[in-house]
Amino acid sequence: MPAIPEKNLDACSVESVREIEESPTCDLQAPQDNPLGVQSTGSVGEHALPYTVPPSDGDDPVAKKPHWEPAPPARDDTPRKPPSFAQSELHTIVRRQRRRRSGDDLKLDVTHPRRPHVTPAWEFSGWGSMRYLSISSQELKEAEERTNAPRQLLRHIAAMSVSGNDMVGSVFYAFPLVAASAGIYSPICLLTASLLLVFLRPLLLELASTVHINGSNYVYLLQFSGRTLSLIGAAATLLDAIATSTVSAATASAYLSAETHLPMSAPVLTILFLVVLGVVAVAGIKENASITAAVFMFHARILIMATLIVASIVHWGVKDPHSTTLKDNWSQRPSSAIETTRAIFYGICIAFLGVTGFECTPSYIEMMKSRTYASVVRNLIIITAFLNTVLSLLVWSLLPASTILGGANLLSVLGRLAGGSWLRILVLVDAIQVLLGGVLTGSVTATQLFDRLSRDHVLPSWFSLKLPVTGSHYVATLVSLGLSLLLFVASGMNLSTVSSMFSVSFLFELFLYALSTLLLKLNRPRLSRPPHAGMFTLLMAFVVVIVTWAGNVALNPTALAVFAASFLCVLGALLAIGAQPSILRLALRFYAASPLASWAVTRGWQSRLVSWYQSRRAARTCVWIKDDDIHTMLQALLSVQKNAPDARTVVFVHAYHTIDAIPSELHPNARLLDEAFPTITIDLAFVSGTFGPALVEATSHTLNIPRSRMCAVSLSREHPWELAAYGGMRVIM
């Protein structure tokens, strides 16, 4: 491909480059008859000052004149000007590039290495190159078709059903815990917890309008911060999904054990549920089938709960018109104001367990339109607030406090009292199918996150392996199943501990949503986002999440211990997998500094470690650059080096319309940065066209670099496309 045509820089044209290369002014070698290597006048350019040697004491300046001192120059009264910055920069570039002996030389010459047994060649990634990319109109058209390919979008009811099953099903394990803590104030606590989600809704809408991509907090923190915080978000999302499966299976087991006489205990039944449903997930559940099942269960759930509410209201009006049971339960409330405040506060903290599932809505946001997503989040809050409050009020109005606090299946007992055995059986079947659906929902969420982490090269590629027949991600599903079993065993196979830990995990997930919104406002203020959450709303969201999280921890410190241990294990595994190049680099340096490098038995370890290091650091990353500002290029390169430790090659790509529009210093600056970073190969590519999703997709296909490993320096609010249209491309400034 042709080289980039150089532009005029203060009258320094391409011809001036040739003159500099051919003239002796760039040759800094001293003459052979100069034993001291001192250059005479004119040997360093026309702007150099004449050099004279001062005579020593007692010497005749004329007799002792060194033979290498030049003759006095002729007097020249022409005013001289110092070289311009562009001329000096041009001299420097030409000199440095001429000093490179060959393309195989290292960027950093080490004359006296600190580790004589290990040469620095293992870190050298090679010299960069420059080229023009040839993308035909046909390739660009195919790329545009791929980016604009029709996707399956969920309608309002279907989108609400996926997360709605978890939210309306959470009453089965939230009611007993809230009743034990808040007593008769349970309806108030459940209503307050549902209404407090109003502060979280604007945050979710702002995040979704900015990054309309599946992945929840992992994607948000990756876009607005960096790799470390994104892995924290991934660990929190993964732990929340695993806890969803575990709590749902444990609650279903507790319901069955209390209502029937089974030959096995509830913990054994929980493990059996997890294994069986894990096998079902491995066998393959098509996305359409899972959505259809979610819609069916949601409608059945709403119908059964509506039947239970109507039957309970009729029973209340016929059998207890004077609300005797409610008055008796009210008489057992706490007597002092401090105890009442404490009961309501802890009740609200635990009541957030009754709105779990709300945090799962961003996990499938690509399947919804922005308008649909906004209405789904709003309606879920309304439905949850109504069902939780009304059902809790009916429980305390029709059942005595001894039955409520005795650990019975409250809704099942309420159904038997209000409608008889048929309604009790109907409520029991509804509880089992909704809870087991929650197990599958948690497993699918964890599997999708594993697949996303694998495609982003955070996890090994074998996490994305699929069965040839069903197309299910069997490795990711089996790993999520194993983590669910470990979490259940680590919690002592106790439903109360698992539920409290789930509440802590859920609130931590909400905290990360608030943190993502804050980082969006601070780090990416120029990104386009029509819904805008105010700072007061963001502050209130932080207060709500932090206070309720602290209340759950204070009420059950064991839940924090289980959550912390599980979270640190998951996060440590993700960090260790992603930091393999850094770990291997430390191992190589330790090997070089230790006696192992000189022993005959262990001398061959170096080649194995180097080969392993290079295989773990062979990825390529693309950075779209608009101008030739070297500071911007350096910051982009440092961001890639920090957030993609496995990147060995960084390709700067510039989109142009005409050759004359290419920034003049882009190529020289890329060459200087290439020399300044010995461990990274910096390539430069030029592609003709307008920067947009189609051109990015075509370039990704040409360079064989996935869009998830592409970065743009920044996108303005006036940019005609949303960030989601680029299919996972990051913005780093």
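In the predicted model, the protein chain is made up of 733 residues, of which 49% count as buried, and its secondary structure comprises 26 helices together with six strands. Among the contacts that join residues at least 6 apart in sequence, 79% are between residues at least 24 apart.

The six strands form an open sheet, in which the order is β1-β4-β3-β2-β5-β6 and the pairing is parallel. Strands β1 (130–133) and β6 (730–731) stand at the edges of the sheet, and because each has a single partner strand, one side of each is left without a neighbour there. Within the sheet, β3 (residues 647–656) and β4 (residues 681–688) run parallel and are joined by eight bridges; F652 stands opposite L684 in β4.

The largest cavity holds about 220 Å³ of space, and its lining consists of 15 residues, with D456, N643, A644, S708 and R730 lying nearest its centre. Two or more residues of this lining are given by each of α8 (216–224), α9 (227–259) and α24 (630–643), and the largest share, which amounts to three residues, comes from α9. When the lining of the largest cavity is divided by class, seven residues are nonpolar, four are polar and four are charged.

The second largest cavity contains about 70 Å³ of space and is lined by S245, L274, L277, G278, A281, V439, S443, S480, L481 and S484. Helices α10 (266–283), α17 (421–455) and α18 (474–490) each supply at least two residues of the lining of the second largest cavity, and α10 gives the most, with four residues. By class, the lining of the second largest cavity has five nonpolar and five polar residues and no charged residues, whereas four charged residues are found in the lining of the largest cavity.

Terms used: Residues numbered from 1 in each chain as written. Predicted model: local features only at pLDDT ≥ 70, side-chain atom pairs only at ≥ 80, totals over all residues. Heavy atoms only, no water. Buried < 20%, exposed > 50% of the residue type's maximum accessible area, 1.4 Å probe, protein only. Contact = heavy atoms within 4.5 Å. 1 Å grid on protein atoms, 1.4 Å probe; cavity = no way out; pocket = protein on both sides within 12 Å on 5 of 7 lines; lining within 4 Å. Points joined across faces, edges and corners; volume = space filled by probe spheres on them. Nonpolar A, V, L, I, M, F, W, Y, C, P; charged D, E, K, R; others polar. Pairing = 2+ DSSP bridges.
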